[in-house]
Structures are given as structure tokens and as C-alpha cells.
Amino acid sequence: MSTYKTIYLKRGKEESLKRFHPWIFSGAIQRMDEGITEGEVVRVLTSKNEFIAVGHYQIGSITIRVLSFRDIHIDEQFWLSRLQAALNMRLSIGIAGSPENNTYRLVHGEGDNLPGLVIDCYEKTAVVQAHSVGMHLCRADVCTALQQVMKGYIENIYYKSETTLPFKADLGQQNEFLFGGSEERLAVENGLKFYIDWVKGQKTGFFVDQRENRKLLEQYAKDRSVLNMFCYTGGFSVYAMRGGARLVHSVDSSEKAIELTNKNIELNFPSDSRHTAYCDDAFKYLDEHNAQYDLIVLDPPAFAKHRSALRNALKGYIRLNVKGLERIKPGGILFTFSCSQVVTKENFRNAVFTAAAQTGRKVRILHQLHQPADHPINIYHPEGEYLKGLVLYVE
């Protein structure tokens, strides 16, 4: 039995934990031991003083992120076993250990029973990101275990959590190498090369979660004119080029994103005149380019980070998809996505349905897309299904 401080639940509030849901909300807590600090590991007892979970305590709506439903100590063996299980799964499905693809997610938070922790691998570098104070405080333990589990796979561990932790926690966190220190920034995804900016780039430096959807787009790109909106690093554009697109235009409001896209195109297709990148606002660009493209990708940043923003987010998705559907050529294909966790599959599909109805065009769903297998969804935590996408045929 562990010797951690204790938090006690209100009567009946253990029901979701009996179903192995890994979050405990502030409203479920009856009382707690004195002196518990943010990020500390705590034991959780029911109103009948029965053990139910061990987890990280944090100030906020999600007060405890469950690390185990067994009464264990969170020690070196815990980190080793969880990270080994994560690697084993990715090796068993062929995502890790392939020279054709050295870019993958090793740990996906709740999906790998490590809530608040994300680890992405790019060639020989693992980028670690904490989304909870508890995981931030455990970063040295994670780094030590990661070196053992990933020996032979990685040589560098970069910690990148400056912008992912609660600002009120005032942790003074900084991005830095915890192990090694490489300037090599090239990674391979499905045989294509990409520059990864894990220092200044968004998330861990690359959107690993669109790998399979980029591959699908490649199959549809031949002889098409392709528009990649919100292109960021140009992932969809690079795949479209390999798929034989007639022309590819990449658009983003960030100059840095355009610069990175151009670098990635040049890396894979030197001096290829089919590609042009534009730094522009998405809505403005779509307004100015009607019926020019027969394949459009709409992959915007999250419109809603919190449930309070859901209504405005859905309006944003409707407006954006109306623009895309209005502007695409007859017989065109539209790839459209939402990466907002609070937007459900039903929410997103209804938003796209509404957009289609407003344009009056005939629209058919060809594919329903989601996150890849290295971003697994814990069956007890449906909130982990954050990436939604539709591929539409537009007459």
C-alpha cells in the first residue's frame, strides 16, 4: 500500500472510477488531507474509506488524473512498465521500428494510461510534453525510464512544456534537452522527409496525427489541382506532390509556416514548379479563388479548447466549410477536419451537414477519418477521440 496523502470523494462519486474513467472532477471531492500541493501524487478513497485510485492532484476542474486503479507506489518500475507497454503496442502494429517511418507518437496521454503526458519520436529524438503539473514534476523519472525503454531507438530527449502547463502554477518551466542534444531535425514519414522544429514549432514540432490521412490524400491527388489550407509544415502538400497532383497551393497566415512548407517541398521535390505557397488569411484566400481547385484540405487549428467555446466553434466550422464547398470545382474532393476535443463526431458532422445544406450542392461522404493507431483511445475515456475528419465528394 502507498503512503501518499489522501483525498476523499463524496458519496456515489466513485461510480465513474469503477468504470475506469481516469479523471476526477473538483465537484466529486468531499475533503482532502492538509498540505497537498499541486502536482503531488495522492490516494483517493470513497466515502466509505475504500481505496479507488492513485493519481496526480491539480488545481482546476480536472482535479485528479488517475495513474493507477491499484494501490501502488508511483516508482521507477511504474514508469518503466507503462513506457514499455506503449512501445510494445507500437512495435506490434508496425508503427515503431520502421526505416520508412521514424516519426510516431510513443505516448498519448490517457490512451496509454499516462494522463497528462505526450511523447513524440522523430528519428533519434523523443520530444516530451507535459500537460499536467504532476507530469512536469515527474519529468526526470520519465526521462530516466525513457532512456532504458528506448535504448537503441533514441539518443536525445527534448522537454517542451513551456506553453502546455497552467500559467497560474508558476512553475518556471523551460524547453530544454533532458538527455543528449542533437541539431539533426530531419524525420521520415512514409518515405517522405520533413524538417521538424521541436524548439519553436507548434505542439511537439509536427502534426503526427495526420499521417494516415495524408497518405489517403495522396491516393486522390493525381492530376488534381490541390489547395492545402492551414498548411503549417506542408504535410498534405508534400503527399499531394508525390501523388501526382497537377498543382499544389499551400496557404497559412504564418510566415514561419510558409517558410517551413517551402523547405519541406524543396527537400522532397527540388525545383518542382507545381507548388506555390501563400501567406494569407484562409477566409480571404477562399473568397478570392473560386472554382480553381478540385481537391481542398481544410485542417484548421482547434476552434474550441474548452466547452464554453463550443457554440462559436461550430459556427466557425460551418462558415469555413461553406467557403470550401462553395469554392471547390464540380466533381471535387474536400478533406475537412476538426481537432477540437470538445467537438464530438456528431457535432462536427452536423456542422458540415449544415454547411452543405447552405450551399445547396450535392455532397457525399467517401470516408470518415480519425486519429491513427499511435494515438490510441482508452476505451474508458471517450474524450480521447479528438481528431475528426470527413472526405467529401462534391458535385
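**View 1. Helix H7 and the elements that cover its buried residues.** Strand S13 (192-195), H6, strand S15 (247-252) and strand S16 (275-279) are among the elements covering the buried residues of H7, where contact means heavy atoms within 4.5 Å. This is a predicted model, in which local features need pLDDT of at least 70, side-chain atom pairs count only at pLDDT 80 or more, and totals for chains, interfaces and linings use all residues. Residues are numbered from 1 along each chain as its sequence is written, and side-chain values use heavy atoms, with hydrogens and water left out. Helices (H or I, at least four residues) and strands (E, at least two) are DSSP runs, numbered from the N terminus. Look for Ala-257, Ile-258, Leu-260, Thr-261, Asn-264, Ile-265 and Asn-268, the buried residues of H7; buried means under 20% relative accessible area, exposed over 50%, partly exposed in between (1.4 Å probe, protein chains only). Down the axis of H7 they fall within an arc of 165 degrees, so they line one face of the helix; the arc is that of the directions from the helix axis to the C-beta atoms.

**View 2. Asn-190 in the loop between strands S12 and S13.** Here S12 covers residues 186-189. Asn-190 has a phi near 50 degrees, a positive value in a residue other than glycine. Its relative accessible area is 15%, and Asn-190 is buried.

**View 3. Ala-291 in the loop between helix H8 (282-288) and strand S17 (293-298).** Though not a glycine, Ala-291 has a positive phi of about 55 degrees. Ala-291 is partly exposed, at 40% relative accessible area. For context, most residues other than glycine have a negative phi.
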